[in-house]
Amino acid sequence: MKTIKKNTALGIDHWSPGELQEVDEEGLKALAHILNAIETQVSWPSHLLYNIIVLMGKPTGGTRPIALMPMIYRVWTKARRVHIVAWEQSHGGPWDAALRGSSALRAALMSMLNDEVAHMQQHSNITVLYDMEKFYDNIDITQLILLGIQYGYSRRIMSLGLQMH
C-alpha cells in the first residue's frame, strides 16, 4: 500500500492514501477479509462501480476522460500485481509497448530493425500502422474475454477488472 501515490485524486469512496496509511493491523485484516469476499463472489459491491470522470487537457488540445477509481480497487490491484506482472512477462513479446520496461519508441525501433534485417536478407516485409486514437472505443469485450481465457489470464482478475472499467 505504500506504493500508492500520496497525491492521487480521490475516487467514489473518498478514501485517501493518507487515511489508508493510518489503518492499524486489525483494520488491514478487515480490509483483507472484504477483498477476499469480493474475490470469492467475483463481484464488486454496486456502490463501488461508479467512477468519477475528470476531463484532462491534452497537450495538443481537447480533453481526455480519466476515471478516478475507488481506493479499495487500487489496493486490490496492488495486491494482485504479482499475478498480473507474471502473466504479462510470460505472454508479452518485443512488439508489446504496454509491458513494464518497454516503450512505444523501443517497440518502433525494434520493428524498424527487424524490417532492415529482413530487407538485407532479401525477404519481403510489410509494416501496418494503425491510428490508435479511438482504440478503446473499438475493443470487443466478448473477444477480449475469450482471448483472455485462451491465453490463460486469471478469470477472476479479468472479471473484477472489467467490472470496474
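1. I4 lies in the segment before α1, where helices are DSSP runs of H or I with at least four residues, strands are runs of E with at least two, and both are numbered from the N terminus. At 7% relative accessibility, I4 counts as buried, the cut-offs being under 20% relative accessible area for buried, over 50% for exposed and partly exposed in between, with a 1.4 Å probe and protein chains only. This is a predicted model, in which local features need pLDDT of at least 70 and side-chain atom pairs count only at pLDDT 80 or more, while totals for chains, interfaces and linings use all residues. Residues are numbered from 1 along each chain as its sequence is written, and side-chain values use heavy atoms, with hydrogens and water left out.

2. The surroundings of I4 can be given in more detail. Leaving aside neighbours within four places in sequence, I4 is in contact with P17, L20, M71, R74, V75 and K78, contact meaning heavy atoms within 4.5 Å. I4 and G18 are 14 residues apart in sequence, and their C-alpha atoms are 9.8 Å apart in space.

3. Helix α2 (residues 25-41) packs with helix α3 (residues 71-79) at an angle of about 80 degrees, the axes being 11 Å apart; these axes are lines fitted to C-alpha atoms, for helices over the stretch in contact, and the angles run from 0 to 180 degrees between N-to-C directions. The helices α2 and α3 are therefore roughly perpendicular to each other, on a scale where angles under 35 degrees count as roughly parallel, over 145 as roughly antiparallel, 65 to 115 as roughly perpendicular and the rest as oblique.

4. On the α2 side the contact is made by L31, I34, L35, I38 and E39, which meet I72, V75 and W76 in α3. The residues of this contact divide into seven nonpolar, no polar and one charged, where Ala, Val, Leu, Ile, Met, Phe, Trp, Tyr, Cys and Pro count as nonpolar, Asp, Glu, Lys and Arg as charged, and the others, Gly among them, as polar.

5. R80 is placed in the loop between α3 and α4 (81-91). With neighbours within four places in sequence left aside, R80 is in contact with E39 and I157. R80 and I157 are 77 residues apart in sequence, yet 7.9 Å apart in space, C-alpha to C-alpha.

6. H14, in the segment before α1 (17-21), has a positive phi near 55 degrees and is exposed, with a relative accessible area of 51%. Q122, in the loop between α5 (104-120) and α6 (141-150), has a positive phi near 60 degrees and is likewise exposed, with a relative accessible area of 74%.

7. As for the chain as a whole, the secondary structure comes to seven helices and two strands, which follow the pattern α-α-β-β-α-α-α-α-α along the sequence. The radius of gyration is 20 Å, well over the 15 Å that the globule rule gives for 165 residues, so the chain is more spread out than a compact globule; the radius is taken over C-alpha atoms, and the rule is 2.2 Å times the number of residues to the power 0.38. Along its principal axes the C-alpha trace spans about 65 × 40 × 30 Å.

8. Buried residues make up 21% of the 165 residues in the protein chain. Of the contacts with a separation of 6 or more, 57% are accounted for by residues 24 or more positions apart.
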